[in-house]
Amino acid sequence: MRLRLTEQLARDDTARVLNDANELVARVSLDDAVEQDLPFFIRVERDVLAADFDKPGALADATDLYFRLRLAGHPAVLCTSGAYENRSPRCHVFAVIDADAERRRWSEEAKSLRADVRNEIRPPWVLHRSGTARSTPMRGIAEEEVLHRLSGEEPVQPLNAASLAFIADGVGDSGDRSADIFRATVILIEHGWPQWEVLFLLQHSDTWLARRYGEALDRRNHPGDTWFARYVWPDAVQRASTERERHLSRVRRLRTLRLRQLLGDAQHRATRATDVKVLELFLQRVEDVMQWDITMASRTLQDDANIGSPTTATAALQRLRDRGLIRRSRQSRVVDPRLRARTFRVLSAADEDLDGLPETPRLEFLFDDVFRQGKGDGPGAGLTYCLLLASEGGCTVEELASRLHADRRTIHRHIDRLLESGLVRLEGDRYAVTGLTPYPGMFAEATIARQDARRRHEHERDSWRSRQ
């Protein structure tokens with residue numbers, strides 16, 4: 001596990017081994033260095049922010065940077081490396097930040113807290129050159145969780161402006177300490193924070209919430225943090241779970257409504273496949289981060305939605321804004337203009353418009369090559385399938401042609417392919433979806449199966465004729 005983590009952080013497979021005089025004495029493979037438990041450092045990957053705190057007050061400064069990163073949604077790890085005489089421990093903060101401009105911004109933030117931003121650094125769990133201290137993640141975080149964070153697998157879930165202002169500065173507090181702590185805990189749970197990290201924030205961060213927590217403990221008879229562990233956390237987990245299920249149900253019904261609006265209006269101009277993909281990407285982000293304000297750069301939009309160019313992606317986004325489905329957020333967080341990222345609000349709908357609608361699950365297949373031109377069956381078949389997915393009771397060929405602004409011959413071609421792959425079925429004169437989920441390669445498999453069936457039929461026919 002530690003070798004995998006080191007390989008994840010390292011730019012190459014070389015470990016630079018040090019002696020106790022801080023001199024480079026050998027270069028060995030990462031495998032050998034970890035196995036022999038040597039004191040070594042690595043060159044970090046370009047997308048890794050590695051901040052080294054070794055000045056007086058290092059722990060407080062490192063903790064401050066760590067919580068700033070975490071509240072901004074970045075997967076970060078704080079490590080300490082033993083205590084020095086009359087000094088706080090030396091600390092390292094690691095964070096994976098893909099965007100170059102965003103990483104540069106956080107590098108400046110780290111330097112403002114008296115950190116040295118390193119290209120070469122000792123990874124977690126590696127011995128100091130003195131052999132007396134080891135770089136250890138704070139709070140006993142498990143090796144699996146450290147690897148999960150620093151591998152980039154953890155989704156970025158930044159708090160929105162209102163939640164961040166509440167936790168950091170107490171904006172919008174209720175005046176009730178327990179209620180405020182409970183509310184903040186629910187928010188952090190919804191953003192994927194584990195119990196130890198929420199408690200770490202309450203105990204050690206320089207935030208309004210931490211001060212509120214200290215006041216609450218002073219006025220209670222519970223020793224230490226048992227009040228939080230016994231009462232606050234279990235109730236907050238239950239509340240967060242209930243709110244998440246309610247939120248997901250609303251987004252799924254909204255997905256149904258928006259598909260019908262995009263694809264079901266025969267009077268509106270034809271909807272492009274990229275419009276549906278961009279809207280679906282925003283709806284998935286709303287599901288993931290439990291908030292309606294989503295910050296997105298055009299390049300991220302292009303990559304995550306599997307669209308050919310950022311220009312095509314931003315044009316689709318503009319069409320969604322023109323149709324009143326997405327708008328620029330009025331509570332936009334400050335975003336580095338070099339990232340070209342903007343915050344948008346995905347507009348929900350009134351309760352009465354969502355009541356009774358079926359829940360449509362995430363349309364992950366839109367981002368695969370299932371309906372991609374040249375690799376799958378084309379965007380036209382994808383739009384046909386999406387319209388059937390959002391329709392109650394299915395659609396006739398005439399209804400599909402009218403709503404998709406296509407001729408009947410084109411619709412029949414799409415339907416034939418969807419029937420062949422098992423995605424739709426015919427019920428009377430109406431077509432409806434089956435329970436099969438689209439996956440990459442399914443149309444190629446259907447084509448191969450059809451060709452095999454044709455060859456078997458021709459072979460049986462020729463055999464029958466030869467016997468006559």
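The dialogue below treats these features one after another.

Mentor: This is a predicted model, in which local features need pLDDT of at least 70 and side-chain atom pairs count only at pLDDT 80 or more, while totals for chains, interfaces and linings use all residues. Residues are numbered from 1 along each chain as its sequence is written, and side-chain values use heavy atoms, with hydrogens and water left out.

Trainee: What is a cavity, and how many cavities of 30 Å³ or more does a search of the whole structure find?

Mentor: On a 1 Å grid over the protein atoms alone, a cavity is a set of points where a 1.4 Å probe fits but cannot get out; a pocket is an open set with protein on both sides within 12 Å along at least five of seven lines; and lining residues have an atom within 4 Å of a point. Grid points are joined across faces, edges and corners, and a volume is the space filled by probe spheres set on the points. Here the search finds 2 cavities of 30 Å³ or more.

Trainee: Which residues line the largest cavity?

Mentor: The lining consists of Arg 255, Arg 258, Leu 259, Val 276, Leu 279, Glu 280, Leu 283 and Leu 363, around a volume of about 50 Å³. Helices (H or I, at least four residues) and strands (E, at least two) are DSSP runs, numbered from the N terminus. Helix H10 (226–263) and helix H11 (273–289) each supply at least two of the lining residues, and H11 gives the largest share, 4 residues.

Trainee: How does the lining of the second largest cavity divide by class?

Mentor: Ala, Val, Leu, Ile, Met, Phe, Trp, Tyr, Cys and Pro count as nonpolar, Asp, Glu, Lys and Arg as charged, and the others, Gly among them, as polar. The second largest cavity, of about 40 Å³, has a lining of 8 nonpolar, no polar and no charged residues. Among them are Tyr 66, Met 138 and Trp 196, and strand E5 (residues 76–80) provides the largest share, 3 residues. For the largest cavity, the lining has 5 nonpolar, no polar and 3 charged residues.

Trainee: What volume does the second largest pocket have?

Mentor: That pocket holds about 330 Å³ of space. It is lined by 15 residues, of which Leu 18, Asn 22, Phe 41, Arg 90 and Arg 129 are the closest to its centre. Strand E3 (40–43) and strand E8 (120–121) are the elements that give two or more residues to this lining. By class, the lining has 6 nonpolar, 3 polar and 6 charged residues.

Trainee: Is Trp 125 buried or exposed?

Mentor: Buried means under 20% relative accessible area, exposed over 50%, and partly exposed in between (1.4 Å probe, protein chains only). Trp 125, at 9%, is buried. Trp 125 lies in the loop between E8 and strand E9 (136–137) and, although not a glycine, has a positive phi of about 70°.

Trainee: Which residues of H16 are buried?

Mentor: An α-helix has 3.6 residues a turn, so residues three or four places apart point the same way. In H16, Val 397, Leu 400, Ala 401 and Leu 404 are buried. They lie on the same side of H16, because they cover an arc of only 95° around the axis, an arc being that of the directions from the helix axis to the C-beta atoms. The buried residues of H16 pack against H10, helix H15 (379–390), H17 and strand E14 (430–433), where contact means heavy atoms within 4.5 Å.
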